Amino acid sequence: MLSNTILDKLNHQVNLEACSAHLYLQMSAWLISQELDSAAAFFRQHAEEEKQHMMKLFDYINETGALALIGDVATPAPEWKSHIELLEAAYNHELAITKSINDLVDTALREKDYSTFQFLQWYVAEQHEEEHLFGSMLHKARIINTVDGRALFRFDEEVRKSVLHHEHLQQKPMFLQMGPAPKHHEGHDDPHARHQHSCSGH
Ligand SMILES: [Fe+2]
């Protein structure tokens, strides 16, 4: 059974997750308006994930026999002046969500509500991932936004390609690196194919 304090905080979190979904969907629309289709697709997908975060809390509250409340969901205004400003807003939003989750965990521990404490561990791990994801995206956007940064990014991309190419060569059997494998028909060996196979390189 949930205490009133925990229930209020859990319902507040339901509302925050719904707000996150609205925010990212709105960001997705703004990014489309700027022709940034891949970033828009990412935020649209992330809005769906936030809905799942909300539903997970919603189900947990209802399972305890309490009443889940969604409340009025704030709809953010699309007033970002650049994609970097948008990413800063997304990153700061995730920091605020982490703070709220931490506060919930803290309250659950103080009230010895170990069931809720256990349930919230998933959100603690999720917030670690979210902060890393959005922080990294923001950092990359800032790097690419400068001339020197673009050169560095290009260099890093070339390193990535080289490593991938190297790994690809190492994993491929030697005969595949030399070209397509000779066709082998049982009982009907093509002498020419056999010649190519046994004398490759001559
Ligand atoms: Fe979330």
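Is the crossing of α1 and α2 left-handed or right-handed? It is left-handed, where left-handed means that the near helix is turned anticlockwise from the far one by less than a right angle, and right-handed means clockwise.

Before the details, two remarks on conventions. This is a predicted model, in which local features need pLDDT of at least 70, side-chain atom pairs count only at pLDDT 80 or more, and totals for chains, interfaces and linings use all residues. Residues are numbered from 1 along each chain as its sequence is written.

First, the overall picture. The protein has 7 helices and 0 strands, and from the N terminus the elements read α-α-α-α-α-α-α. Helices here are DSSP runs of H or I with at least four residues, strands are runs of E with at least two, and both are numbered from the N terminus. Of the 202 residues in the protein, 19% are buried. Buried means that 20 or more other C-beta atoms lie within 10 Å of the residue's own, exposed means 12 or fewer, and partly exposed is in between, with C-beta atoms placed from the backbone. Among contacts with a separation of 6 or more, 68% join residues 24 or more positions apart. A contact is a pair of residues whose C-beta atoms, placed from the backbone, lie within 7 Å.

On confidence: pLDDT is the predictor's confidence in each residue, from 0 to 100. The protein averages 88, and 85% of the residues score at least 70.

Now back to the pair I opened with. The axes of α1 and α2 come within 8 Å and cross at roughly 165°. Axes are lines fitted to C-alpha atoms, for helices over the stretch in contact, and angles run from 0 to 180 degrees between N-to-C directions. The two helices α1 and α2 are therefore roughly antiparallel to each other; angles over 145 degrees count as roughly antiparallel, under 35 as roughly parallel, 65 to 115 as roughly perpendicular, and the rest as oblique.

Helix α2 covers residues 37-63, which is 27 residues, and reaches 39 Å from its first C-alpha to its last, close to the 39 Å expected at 1.5 Å a residue. That expected span is 1.5 Å times one less than the number of residues. The buried residues of α2 are A39, F43, H46, E50, H53, M54, L57 and I61. An α-helix has 3.6 residues a turn, so residues three or four places apart point the same way. The cover over the buried residues of α2 includes α1 and α3.

Why does V14 count as buried? Because V14 has 23 C-beta neighbours inside 10 Å. Leaving aside neighbours within four places in sequence, V14 is in contact with M54, L57, F58, A68, L69 and I70. The C-alpha atoms of V14 and M55 are separated by 7.7 Å, at 41 residues apart along the chain.

Between α1 and α2 there is a loop that holds E35. E35 is not a glycine, yet its phi is positive, about 65°. With 8 C-beta neighbours inside 10 Å, E35 counts as exposed. At the other end, α2 is followed by G65, with a positive phi near 95°.

M1, in the segment before α1 (4-33), touches T64 and G65, not counting residues up to four places away in sequence. M1 is exposed, with 9 other C-beta atoms within 10 Å. The C-alpha atoms of M1 and S115 are 9.4 Å from each other, and the two residues are 114 residues apart along the chain.

The second pair is α3 and α4. Helix α3 has 28 residues and reaches 41 Å from first C-alpha to last, close to the 40 Å expected at 1.5 Å a residue. In α3, L86, L87, A90, I97, L104 and A108 are buried, and what covers them includes α1 and α4 (114-144). The axes of α3 and α4 come within 9 Å and cross at roughly 160°. Helices α3 and α4 are therefore roughly antiparallel to each other, and their crossing is left-handed.

Finally, K112 lies in the loop between α3 and α4. K112 has a positive phi of about 55° although it is not a glycine. It counts as exposed, with 8 C-beta neighbours inside 10 Å.

Key: Contact = placed C-beta atoms within 7 Å.
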